[in-house]
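Visitor: I would like to go through this structure and hear the grounds for each label. Please show it first.

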Amino acid sequence: MALKNISRLFGLTHRVVSCHTASSSCSGRFKVQHDRQNRRFTVTTGSSGKGDSECAVLYYRFTGQQEVDLMSTFVPETFRGQGIAAALSQAAMDFLVEEKLKARVSCWYIKKYIAEQPEQQYKDFIIS
């Protein structure tokens with residue numbers, strides 16, 4: 001049982017998130033990875049032209065037993081406007097719901113993302 005909990009806490013979770021946002025349209029799908037050990041969600045956006053992949057990232061940190069701070073998002077400039085930050089934000093919201101966590105939101109983009117959700121289904125998970 002302890003091994004199961006450790007792998008759950010420190011495992012790398014893959015999730016495919018469809019991009020459907022009010023402010024942008026996106027025909028593609030992004031594979032969001034949850035790196036629990038480094039407390040981040042990532043999307044690898046492809047080649048930067050130098051043979052390297054660029055990485056979009058959402059960072060969080062635990063601030064209490066069942067509380068996190070959603071600190072920041074970053075999307076490489078060449079990939080902005082494609083809904084990648086929204087996909088990262090959605091994955092973070094799903095994480096809050098699945099793990100029954102509360103969140104403080106330091107990142108302006110995630111605050112905007114939450115505010116734009118028509119159902120306001122995440123309001124109970126956010127600490128004002």
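Visitor: Which residues does aspartate 69 touch, not counting residues up to four places away in sequence?
Guide: This is a predicted model. In it, aspartate 69 touches Tyr59, Tyr60, Arg61, Thr63, Arg104, Val105 and Ser106, with residues up to four places away in sequence not counted. Aspartate 69 itself lies in strand S5.

Visitor: Why is aspartate 69 called buried?
Guide: The relative accessible area of aspartate 69 is 7%. Buried means under 20%, so aspartate 69 is buried.

Visitor: What contacts does leucine 70 make, leaving aside its neighbours within four places in sequence?
Guide: Leucine 70 is in contact with Leu58, Tyr59, Tyr60, Ala92, Met93, Leu96, Ala103, Arg104, Val105, Ser106, Cys107 and Ile110, once neighbours within four places in sequence are left aside.

Visitor: Which residues have the most contacts inside the largest nonpolar core?
Guide: That core has 30 residues, and Phe41, Leu70, Ile84, Leu88, Met93 and Ile110 have the most contacts inside it. At least two residues of this core come from each of strand S2 (29-35), strand S3 (40-47), strand S4 (53-64), strand S5 (67-74), helix H2 (84-99), strand S6 (102-105) and H3. H2 supplies the largest share, ten residues.

Visitor: Why are H2 and H3 called roughly perpendicular?
Guide: H2 and H3 pack at an angle of about 75°, and their axes are 10 Å apart. Angles of 65 to 115 degrees count as roughly perpendicular, and H2 and H3 are therefore roughly perpendicular to each other. On the H2 side the contact is made by Ala85, Ala86, Ser89, Gln90 and Met93, and on the H3 side by Tyr109, Ile110, Tyr113 and Ile114. By class, seven residues of this contact are nonpolar, two are polar and none is charged.

Visitor: What makes lysine 111 partly exposed?
Guide: Lysine 111 is in helix H3. Its relative accessible area is 47%.

Visitor: Which residues does lysine 111 touch, not counting residues up to four places away in sequence?
Guide: Lysine 111 touches Val105 and Ser106 on that count. The C-alpha atom of lysine 111 is also separated by 9.4 Å from that of leucine 70, which is 41 residues apart along the chain.

Visitor: How do you know that glutamine 117 is buried?
Guide: Glutamine 117 has a relative accessible area of 14%. The cut-off for buried is under 20%, so glutamine 117 is buried. Glutamine 117 is found in the segment after helix H3 (108-115). A polar atom of the glutamine 117 side chain lies 3.0 Å from the backbone oxygen of tyrosine 113.

Visitor: What is the phi of arginine 39, and where does arginine 39 lie?
Guide: Phi of arginine 39 is near 50°, a positive value in a residue other than glycine. Most residues other than glycine have a negative phi. Arginine 39 lies in the loop between S2 and S3. With 37% relative accessibility, arginine 39 counts as partly exposed.

Visitor: Why does lysine 100 count as exposed?
Guide: Exposed means over 50%, and lysine 100 has 65% relative accessibility, so lysine 100 counts as exposed. Lysine 100 is in the loop between H2 and S6. Although lysine 100 is not a glycine, it has a positive phi of about 55°.

Methods
Residues numbered from 1 in each chain as written. Predicted model: local features only at pLDDT ≥ 70, side-chain atom pairs only at ≥ 80, totals over all residues. Heavy atoms only, no water. Helix = DSSP H or I, 4+ residues; strand = E, 2+ residues; numbered from the N terminus. Buried < 20%, exposed > 50% of the residue type's maximum accessible area, 1.4 Å probe, protein only. Polar contact = N/O pair within 3.5 Å; in protein donor to acceptor, adjacent residues only side chain to side chain. Contact = heavy atoms within 4.5 Å. Core = buried A, V, L, I, M, F, W, Y, C linked by side-chain atoms within 4.5 Å. Axes fitted to C-alpha atoms, helices over the stretch in contact; angles between N-to-C directions. Parallel < 35°, antiparallel > 145°, perpendicular 65-115°, else oblique. Nonpolar A, V, L, I, M, F, W, Y, C, P; charged D, E, K, R; others polar.
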